[in-house]
Amino acid sequence: MKKNLLYFLLILLLSSCGNNRLTEKVITTYDNGQPAKVYYYDAEGRWVSEADYYDQGALMMEGPIANNVRQGEWTSYFPDGKVQSTGIYEGGLRTGAAKIYHENGQLFMDGFYANDFKCGEWVFYDEQGYEVDRRDYGPCD
């Protein structure tokens, strides 16, 4: 009896793990056949993330989707795979901390967004990482 119960629990566990897999759907492609935009759906058919690609196949941008809009942390990449920027979306709008990088990996801009607009103080850096400017974009209300 215990053996049958353990066997049943093992099958249940393994079958539930498979439900966490995402289904990929290529939305658009480049003329060369490479995917340009890919949507990912959960087991219930909900659109849960998106990825955009450069024409040679490298990942350009990725992030989560909720209620059919960007939601959570998104990351964009240079064609060589290095991070180009990170930012937070709420309800499809850029909101919160944002970081943009030079191609050499050094921080380029560091600031905040509120409802898709820059706000607060933004700091700008040169390719060696030295601060070169500060700008105040007003309150983040």
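1. In which sense do strand β10 and strand β11 pair, and over how many bridges? Strand β10 (residues 117-125) and strand β11 (residues 131-136) are antiparallel, with 5 bridges; strands are DSSP runs of E of at least two residues, numbered from the N terminus, and two of them pair if DSSP finds at least two bridges between them. Tyr125 has Glu131 of β11 as its bridge partner. The hairpin has 5 residues between the strands, and Gly129 there takes a positive phi near 95 degrees.

2. This is a predicted model, in which local features need pLDDT of at least 70, side-chain atom pairs count only at pLDDT 80 or more, and totals for chains, interfaces and linings use all residues. Residues are numbered from 1 along each chain as its sequence is written, and side-chain values use heavy atoms, without hydrogens and water.

3. The protein chain averages a pLDDT (the predictor's confidence in each residue, from 0 to 100) of 89, and 86% of the residues score at least 70.

4. Tyr113, Trp122 and Tyr137 form one aromatic cluster.

5. The charged end of Arg70 sits over the ring of Trp74, 4.2 Å from its centre, and over the ring of Tyr89, 5.2 Å from its centre. The criterion is CZ of Arg, or NZ of Lys, within 6 Å of the ring centre and within 35 degrees of the ring normal.

Technical notes. Helices (H or I, at least four residues) and strands (E, at least two) are DSSP runs, numbered from the N terminus. Rings of Phe, Tyr and Trp (its six-membered ring) pair if their centres lie within 6.5 Å; planes under 30 degrees apart count as stacked, over 60 as edge-to-face and the rest as tilted.
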